[in-house]
Every structure is written in C-alpha cells, then in structure tokens.
Amino acid sequence: YEKINFSEYGGIIFTSANAIKFLSFDKLDKNIKCFCVGNVTEKKVRNLGFQNTIAAEGSVSNLKELILRNYFLKNKKLLYVSGELISFDLDDQLSKEGYDIKRIINYKAIHNLNFDDNFIKELKLNMPNMVYIYSQNSAASFLKFIKRYDTQNLWMNTNLCCIGEKTSSILNEI
C-alpha cells in the first residue's frame with residue numbers, strides 16, 4: 001500500500017487481526033480512536049500500545065453500529081485496514097452514512113493447496129469431531145482441501161461450526 005499520512009485520520013478500523021501484522025505504526029498516534037471487529041483484534045492493538053479502542057463481538061455489522069454510535073468526527077477521515085477479501089463492504093456502508101473513509105488493503109490470503117502426505121494419511125485415519133471455520137476465506141480454503149483430497153464422505157460425522165451463515169453457505173455443496 002502507499003505511504004499513509006496518519007495525521008489525516010481521526011480513527012482507524014481493523015476487521016481482522018491479520019491486518020495489524022502488516023501495518024507500520026511508527027507515525028501513528030496511539031491515542032487515535034481504534035475500532036476492532038473482535039476481542040482478539042482489540043487485544044492485539046492494545047498490546048501495540050493503542051489506548052482508545054472499541055471492539056465489536058466478531059461481527060462487522062456490529063462494528064458498523066459501534067462506529068456510527070462512537071465516531072462523531074465526520075470532518076476527519078477514517079482509515080479502514082483490511083485484507084483483500086472481505087465479506088461486508090464496511091467502507092461503502094459508512095460512506096453512505098456520510099463518513100469519509102479510505103480502505104487500505106495490506107494483505108492477501110493464499111490458500112495452501114499442497115499438504116504433507118503423512119498429514120493426509122493420519123487425518124483420514126483419525127477425523128476430528130469438530131472443525132471451527134472463522135471466515136468465508138477459511139471456508140473456501142477448507143472446501144478446496146476437501147475436494148482436492150477427495151475426502152467429502154469422511155467428514156460426515158464431523159461438526160462444522162461456522163462464524164455465520166455467509167461462512168457456512170460456502171460449505172453447503174458438501
């Protein structure tokens with residue numbers, strides 16, 4: 001991403017903990033209002049020294065409501081830092097509410113397509129009872145894995161716990 005003049009922004013939004021990993025905070029005021037999608041993300045920014053943080057409960061729609069209720073500097077831009085793939089157009093939604101928002105994409109997730117043969121063999125012999133899927137991207141990656149290694153029938157006794165309906169809908173074909 002291009003160099004950011006952090007002084008132009010009155011708040012920063014993180015919709016994933018990964019977005020924090022790849023951002024340089026050298027010239028960022030740690031007292032800036034910081035909106036986080038969940039507790040893990042908030043903990044990560046607090047560990048970096050941010051003091052003025054607010055966390056939603058893991059939902060971007062909840063995060064939008066928190067921003068609407070807690071960010072009143074419509075004359076000062078918001079910086080939205082995210083990965084390439086998002087499940088909710090938060091920047092568009094906030095723009096419609098009158099906010100000046102700039103989205104910076106600072107990472108891209110690449111699905112691992114090749115797994116160790118021993119791992120696949122062991123997995124097929126000992127299938128897990130439960131799998132947690134925390135994002136649409138993770139669901140897509142998991143689906144690719146299942147198809148690539150032709151394991152569709154082996155997962156029938158495994159409970160899939162997805163963070164939401166959009167995430168689980170990706171796995172509906174299996």
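# A guided tour of the chain

Residues 24 or more positions apart make up 56% of the chain's contacts with a separation of 6 or more. Keep in mind that this is a predicted model.

**The whole chain.** Start with everything selected. The C-alpha trace spans about 55 × 30 × 25 Å along its principal axes. Colour by secondary structure: there are 7 helices and 7 strands. From the N terminus, the elements run β-α-β-α-β-α-β-α-β-α-β-α-β-α. Of the 174 residues, 38% count as buried.

**Salt bridges.** The structure holds 3 of them. Visit each in turn.

Select E8 and K77. Their closest N and O atoms are 2.9 Å apart in a salt bridge. E8 sits in the segment before β1 (9-14) and K77 in strand β4 (residues 77-83), so the pair ties together parts that are 69 residues apart in sequence. E8 is partly exposed, at 36% relative accessibility. K77 is also partly exposed, at 22%.

Next, select R46 and E42. Their side chains form a salt bridge of 3.8 Å, N to O. Both belong to helix α2 (residues 39-47); they are 4 residues apart, which puts about one helical turn between them. Is each partner buried or exposed? R46 is partly exposed, with a relative accessible area of 42%. E42 is buried, at 15%.

Now select E173 and K147. Here the salt bridge is 2.4 Å, N to O. E173 lies in the segment after α7 (165-170) and K147 in helix α6, so the pair ties together parts that are 26 residues apart in sequence. E173 counts as exposed, at 54% relative accessibility. K147 counts as partly exposed, at 41%.

Move to K64, in helix α3 (residues 60-70). The side chains of K64 and Q93 are joined by a polar contact of 3.2 Å. Beyond its neighbours within four places in sequence, K64 is in contact with F88, L90, Q93, L94 and E97.

**A proline in a loop.** Select P128, in the loop between α5 (117-125) and β6. P128 is partly exposed, with a relative accessible area of 25%. P128 and W155 are 27 residues apart along the chain, and 8.3 Å separates their C-alpha atoms. Leaving aside neighbours within four places in sequence, P128 is in contact with L123, W155 and T158.

**A surface patch.** Select M130, Y132, Y134 and I163. Together they form a nonpolar patch on the surface, with about 470 Å² of accessible area. Centre on Y134, in the loop between β6 (130-133) and α6 (136-148). Y134 is exposed, at 57% relative accessible area.

**Last stop: a backbone angle.** Select D150, in the loop between α6 and β7 (159-162). What is the phi of D150 near? The angle is near 50°, a positive value in a residue other than glycine. Most residues other than glycine have a negative phi. D150 counts as exposed, at 60% relative accessibility.

Definitions and conventions: Residues numbered from 1 in each chain as written. Predicted model: local features only at pLDDT ≥ 70, side-chain atom pairs only at ≥ 80, totals over all residues. Heavy atoms only, no water. Patch = residues over 30% accessible without salt bridge, like charges linked within 9 Å, V, L, I, M, F, W, Y side chains within 5 Å. Areas by Shrake-Rupley, 256 points an atom, 1.4 Å probe, with all protein chains shown as cover. Salt bridge = Lys/Arg side-chain N within 4 Å of Asp/Glu carboxyl O. Helix = DSSP H or I, 4+ residues; strand = E, 2+ residues; numbered from the N terminus. Buried < 20%, exposed > 50% of the residue type's maximum accessible area, 1.4 Å probe, protein only. Polar contact = N/O pair within 3.5 Å; in protein donor to acceptor, adjacent residues only side chain to side chain. Contact = heavy atoms within 4.5 Å.
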